[in-house]
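The following paragraphs lead through one protein model, moving from its loops to its strands and then to its charged side chains. Please keep the sequence and the coordinates at hand while reading.

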Amino acid sequence: MTDAATGQPIGYASVAVLDAAGAPVSGGVGGRDGQFALPGVPPGTYTVRVSFLGYQDLVRPGVVVPAGGGPVALGALPLVAAAQKLGEVTVTARQVLVEERVDRTVYHAENDPTTRGGDATDVLRRVPLLSVDLDGNVSLRGSQNIKVLINNKPSTIMANSVADGLRQLPADQIKAVEVITSPSAKYDAEGTGGIINIVTKTNTLRGGQLALDGSGGTRSGTLNLNGGYRTGRMGFALGGFGRAGYNTPGSFTNDQLTTNPATGQQTRTTQAAATRQNQLFGRYTLGWDYDLDARNSLAASVTYGTRNATSYQDALATTAAAVAAPGAPATSVRNVQTTDDSGTVDASLSYTHAYATPQRELSALALLSRNNRTYAFNNDTFAASDATQTGTAGNDNRSSNQELTAQVDYQTPTGTNQLLEVGAKEIRRTVRSDYRYYGQLTNSQADNSFQYDQNVAAGYVAYTVGLPQGFTLKPGLRYEYTAIAADYGQGPGGEISDYGVLVPSVNVLRKLGNGNVLKLAYNRRLQRPSLQFLNPNVQAANPLVQTQGNPLLGPERTNNYELGYSTLLKETNLSFTTFARNTTGSIQSVRTPLGDASYPGAVRVTYANVGWEDAYGGSAFANLDVGTKLSLNGGVDAYYAVLRNNVPDPRYAARNAGLVVSGRLYGSYALPRHWGLQVFGFYRGQQVQLQGYQSNFAVYSMSVKHDFAAKKGSLGFGAENFFSPRNTVRTEISGPLLTQSSRNVQHLTSFKVYFSYRIGQLTAEPRAHKSVQNNDLKLDENGGGSQGSGAAPAATRPRARGPVPAAPAAPGAPGKRP
């Protein structure tokens, strides 16, 4: 099918084959290249009708299918544009919120208005299988070893902290969230818990559009401007986003008992402080794509993101006293200020060549991502029982994380309902950390630098085949070799070994009768440590708990097993999933009493590959539509975790186990005169940790929205946690050398007003896209650190091709996306 005026292919047009009585015999939808194939039409004479929005129907009568079979060449099918003025249309169909696919669960965020005025953290709390704590740390089935992609592309925005990266993505620009629990071999081997791909809204239509939206409230405010323009072979997309967080007071208390392993002396320390924080984020994007000719296309994008965050502990009072020993306790009062600023640039370029054979495609993609970060803390001790301890102490840590990625992918059908995918990839990563200390910290810490070079070379093969009785099978195999070099600056280092890993995966899907779906999956994954775990810089904003990375860490290795089932009972969609996960060489915290007379009772936290983790659990999700106005969605996730660190020394050995349950509920009701009501609630039960637990918490919200100007604009009002002005999270740790009890109080009640308005005229032109994926690096389990912007808009258009005669059936949809 082609445009009669321009000769360009028209993708995704509807094709119907009608008999002499006008009854449909066969039909389908053309590909993005304008081609289509309709196998299985019995011999006879038929009429072929082609339809597409914005064009007159094309009717081709007298098409003869011979008795001997064989392809029928229809020749060119030009469609003539038709402008029509449509009357008012009332849409009563529900937009799906959660969708199950062969290797992922897709949450269509654009169909959920309760996240408006928020950020990606608010969206992910609504996604089945995910849990997000009050600090924004994301876990998938209890594991924080996940990789977050933006439009299938990595960004150093997530390199140190997923929590901080998510706060820079506006909820209003998120189209969907894909939770990939069973990644195929086409994905990097990283992310032992799985992969989260955030799909943003992009200009997939012809014409121009400009949208403005924002929000203001008691805790935060946002302002977004996004637009796009497409004409002929070229398209542009741009966006700007700003978010400010303010007026977020809280409090912090800590009580711990440490035992010196050398002397057995015990010290009890207590701390208390008022807390507050200010945050400012920005994200600016520009995308471009261009069709060189009917089979070749280019796409490029660039994004810049910035983050400025400052947190305070006001009048942090510390008391330390030796247990069963004479003497007055040591006391101090200090103000602590921590700043975390960063800037990120992501630049990508892609080239795609489409062959005449449907689904045969070659693509080359490249990505440069760099984050520059400055982390600093300042302790100003203005009162102390020992006068020599007053004064300032601090740390400045400038770091950079640069990733250069090149990737080549090739896919081709090998038979009916079969698709072969092969590819190769190279990631060159350079991490550098320069740090210096001042004030009293210079007595125990030396300025230094650290550089970590990591090269990952990978190749993969994946195969998708459609089998009889509704089965789809997708096995794959990937090999990655990692070479590492480290420069420790001044001081001794250690040898870091290179390593290779073979990663198999298999996904099986069975479509049963009445629309039920059964899926089974296995994959082996690994998790490399990120800078947060490697950086030897001592972070001691709170001198009682000092953290230091370990450059000698190796990767974790995990086996994942999954079984899922989805069905439809009258008006209710139901999905059930069970899983089992085993991790060896888990990177876990090692807490040791510091034994420094200047900091009595202080603990040094570092990391080691000493862990063994098992998790067994499942989830259930239900979607119920009551009439055309009320929609309810809810789900429950539960798993039983077993954690142990396998340390032979009984003073440091630890083991813990327990059940963790979380759930979410979302509801919407359509009111008269374009008004709507939405409610949302999320609960996470007590979290199991290696040496203790973290208490449960709940968040909830309610909002109303009014659409106006033919739904080009909207105005809404929302409230969050309005019955519980503060939320207290307790953390308890217990061991032979350390017991600790801490409380963090956050004020979560907020009220907000949000608005949006768009201008522009668009026509339909669906487009697909490909992009680079780096799914690696274990991230900070505590959510520390920050990165810059998100990724740029997807910018690869479909490859247009001229019409060809009808041919035997090409492979189906399975395998088109990793």
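In which loop is the place of asparagine 247? In this predicted model, asparagine 247 belongs to the loop between β16 (234-245) and β17 (250-259). The backbone there deserves attention, for asparagine 247 has a positive phi of about 50° although it is not a glycine. Most residues other than glycine have a negative phi. With a relative accessibility of 45%, asparagine 247 counts as partly exposed.

Histidine 674 is located in the loop between β33 (655-671) and β34 (675-684). At 53% relative accessibility, histidine 674 counts as exposed, since the term applies over 50%.

Strand β2 (residues 14-18) is mostly covered, with four of its five residues buried. What does β2 pair with? One partner is strand β4 (residues 44-51), which β2 meets in the antiparallel sense over five bridges. Within this pairing, valine 15 has valine 50 of β4 as its bridge partner. Another partner is strand β3 (residues 24-29), joined to β2 by five bridges and likewise running antiparallel. Here leucine 18 stands opposite proline 24 in β3.

The order of its strands is β7-β8-β12-β13-β11, and the pairing is mixed. Which strands stand at the edges? They are β7 (98-100) and β11 (146-150); each has a single partner strand, so one side of each is left without a neighbour in the sheet. On average, neighbouring strands of this sheet are turned by 15° against each other, direction ignored. The pairing of β11 with β13 is parallel and extends over five bridges. In that pair, leucine 149 stands opposite asparagine 197 in β13. Strands of a sheet pair through backbone hydrogen bonds, either parallel or antiparallel.

Strand β18 (residues 266-291) and strand β19 (residues 296-322) run antiparallel and are joined by 24 bridges. Glutamine 279 stands opposite alanine 309 in β19, and a hairpin of four residues joins β18 to β19. Strand β19 is also joined to strand β20 (residues 330-354), by 23 bridges and again in the antiparallel sense. In β20, glutamine 337 is the bridge partner of tyrosine 312.

In one of them, arginine 528 is joined to glutamate 190, with the closest N and O atoms 2.3 Å apart. Arginine 528 lies in the loop between β27 (517-527) and α3 (531-534), while glutamate 190 lies in the loop between β12 (174-180) and β13 (194-200), so the pair ties together parts that are 338 residues apart in sequence. Are these two residues buried or exposed? Arginine 528 is buried, with a relative accessible area of 1%, and glutamate 190 is buried as well, at 0%. Both residues also belong to a network of salt bridges that links Asp188, Glu190, Lys425, Arg478, Glu480 and Arg528.

A second salt bridge connects two strands. Glutamate 403 pairs with arginine 429, the closest N and O atoms being 3.0 Å apart. Since glutamate 403 lies in strand β22 (residues 391-415) and arginine 429 in strand β23 (residues 418-439), the pair ties together parts that are 26 residues apart in sequence. Glutamate 403 is buried, with a relative accessible area of 3%, and arginine 429 is buried with a value of 3%.

One more salt bridge is formed by arginine 651 and aspartate 649, whose closest N and O atoms are 3.0 Å apart. Arginine 651 is partly exposed, with a relative accessible area of 35%, and aspartate 649 is partly exposed at 24%.

Technical notes
Residues are numbered from 1 along each chain as its sequence is written. This is a predicted model: local features need pLDDT of at least 70, side-chain atom pairs count only at pLDDT 80 or more; totals for chains, interfaces and linings use all residues. Side-chain values use heavy atoms; hydrogens and water are left out. A salt bridge is a side-chain nitrogen of Lys or Arg within 4 Å of a carboxyl oxygen of Asp or Glu. Buried means under 20% relative accessible area, exposed over 50%, partly exposed in between (1.4 Å probe, protein chains only). Two strands pair if DSSP finds at least two bridges between them. Axes are lines fitted to C-alpha atoms, for helices over the stretch in contact, and angles run from 0 to 180 degrees between N-to-C directions.
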